[in-house]
Amino acid sequence: MHRDGQTRPEWYDVLCTVGGDDDTVLELEDLGIRLLYRSGTIAALSGQLLSHGVCATTAERICYAYWMRDCIHEEMQVKAPGWMDRQIYNV
């Protein structure tokens, strides 16, 4: 189990698994949730807020992970986005 410490809490990490066993489980420890994490599953979560991990598997498995770091925005001199707010759309 781990948290992703170099992201912001309002940003989602996107995980996609390929291969592995049909009974592989993605666990969100803080929520007390265990989800089947079969090949082709895509999950989006706040990796900094939620402790997460995957059970051991006996089959070959790859996890494609996408996440963003503050240093990318700093290097590109772009303001990092925060929490979504519908007021920005003047609705």
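Here are a few notes on the predicted model shown above.

1. Let's start with the overall layout. The chain holds 1 helix and 6 strands, and from the N terminus on they run β-β-β-β-β-β-α. With a radius of gyration of 16 Å, well over the 12 Å that the globule rule gives for 91 residues, the chain is more spread out than a compact globule.

2. On dimensions, the C-alpha trace spans about 45 × 30 × 20 Å along its principal axes. The accessible surface of the chain comes to about 6700 Å², and carbon and sulfur atoms account for 54% of that surface. Of the 91 residues, 26% count as buried.

3. Contacts are worth a look too. Taking those between residues at least 6 apart in sequence, 72% join residues at least 24 apart.

4. In the antiparallel sense, S4 pairs with strand S1 (residues 13-19) over 4 bridges. Within this pairing, Cys16 has Ile42 of S4 as its bridge partner.

5. Finally, the charges: the chain carries 8 positive and 14 negative ones, and their mean positions are 5 Å apart.

Note on methods: Residues numbered from 1 in each chain as written. Predicted model: local features only at pLDDT ≥ 70, side-chain atom pairs only at ≥ 80, totals over all residues. Heavy atoms only, no water. Helix = DSSP H or I, 4+ residues; strand = E, 2+ residues; numbered from the N terminus. Rg over C-alpha atoms; globule rule 2.2 N^0.38 Å. Buried < 20%, exposed > 50% of the residue type's maximum accessible area, 1.4 Å probe, protein only. Contact = heavy atoms within 4.5 Å. Areas by Shrake-Rupley, 256 points an atom, 1.4 Å probe, with all protein chains shown as cover. Lys, Arg positive; Asp, Glu negative; His and termini not counted. Charge placed at Lys NZ, Arg CZ, Asp CG, Glu CD. Pairing = 2+ DSSP bridges.
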